[in-house]
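Subject: A structure for you to explore

Hello! Here is the structure I promised to pass on to you. Please open it next to this email, and then read on for what I found.

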Amino acid sequence: MTKPREKTREELQAEIEGGKKKIRQFENREKMLRQKLFKEERRTRSHRLIVRGAVFEGVSQSLCKPSN
């Protein structure tokens with residue numbers, strides 16, 4: 001049985017660089033997903049506050065309405 005050919009220094013360096021590139025890509029993807037999650041959470045929070053404000057405004061107007 002023959003031994004597998006050992007990689008040259010250049011091939012190993014290229015493999016390391018390829019691995020580093022993939023790491024950077026995954027880190028960037030993680031950053032983008034975190035930003036997307038933050039925006040979605042903010043949108044949900046804003047919607048909830050707007051709805052609560054509208055309900056409060058409707059209730060307060062009906063309470064402050066002068067009775068005849």
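Is T8 buried, partly exposed or exposed? T8 has a relative accessible area of 34% and therefore counts as partly exposed. On this scale, buried means under 20% relative accessible area, exposed means over 50%, and partly exposed lies in between, with a 1.4 Å probe and only the protein chains counted.

Before going on, a word on where this comes from. This is a predicted model, in which local features need pLDDT of at least 70 and side-chain atom pairs count only at pLDDT 80 or more, while totals for chains, interfaces and linings use all residues. Residues are numbered from 1 along each chain as its sequence is written, and side-chain values use heavy atoms, with hydrogens and water left out.

The overall picture

The secondary structure of the protein consists of 1 helix and 0 strands. Both are DSSP runs numbered from the N terminus: helices are H or I with at least four residues, and strands are E with at least two. Helix α1 covers residues 9-64, and T8 sits in the segment before α1.

What does the C-alpha trace span along its principal axes? The answer is about 100 × 25 × 5 Å. The radius of gyration of the protein is 30 Å, whereas a compact globule of 68 residues would have one near 11 Å. That radius is taken over C-alpha atoms, and the globule rule is 2.2 Å times the number of residues to the power 0.38.

You can follow this with a few pairs of C-alpha atoms. T8 and E27 are 19 residues apart along the chain, and their C-alpha atoms are separated by 29 Å. For G58 and M32, 26 residues apart along the chain, the separation is 39 Å. G58 belongs to helix α1 and is partly exposed, at 39% relative accessible area.

Of the 68 residues, 0% count as buried. The protein exposes about 7400 Å², and carbon and sulfur atoms supply 58% of that area. Accessible areas come from the Shrake-Rupley method with a 1.4 Å probe, and for residues only the protein chains shown count as cover.

Charges that pair

Side chains of opposite charge can pair when their charged atoms come close. How many salt bridges does a search of the whole structure find? It finds 4, a salt bridge being a side-chain nitrogen of Lys or Arg within 4 Å of a carboxyl oxygen of Asp or Glu.

One of them joins R5 and E11, with the closest N and O atoms 3.1 Å apart. R5 is in the segment before α1 and is exposed, with a relative accessible area of 62%. If you look from R5 to K22, 17 residues apart along the chain, the C-alpha atoms are 25 Å apart.

Another salt bridge links K7 with E15, where the closest N and O atoms are 2.6 Å apart. K7 is partly exposed at 47% relative accessibility, and E15 is partly exposed with a relative accessible area of 47%.

E40 and R43 also meet through their side chains in a salt bridge, at 2.9 Å from N to O. Because they are 3 residues apart in helix α1, about one helical turn separates them. E40 counts as partly exposed, at 38% relative accessibility.

Patches on the surface

Patches are made of residues with over 30% relative accessible area and no salt bridge; like charges are joined within 9 Å, and nonpolar side chains (Val, Leu, Ile, Met, Phe, Trp, Tyr) within 5 Å.

Which residues make the nonpolar surface patch of about 370 Å²? They are V51, V55, V59 and L63. V51 lies in helix α1 and is partly exposed, at 41% relative accessibility.

A patch of positive charge gathers R42, R45, R48 and R52 on the surface. R42 lies in helix α1 and counts as exposed because its relative accessibility is 55%.

Across the protein, the mean positions of the 19 positive and 10 negative charges are 8 Å apart. Here Lys and Arg count as positive and Asp and Glu as negative, while His and the chain ends are not counted. The place of a charge is taken as NZ of Lys, CZ of Arg, CG of Asp or CD of Glu.

Enjoy exploring, and write back with any questions!
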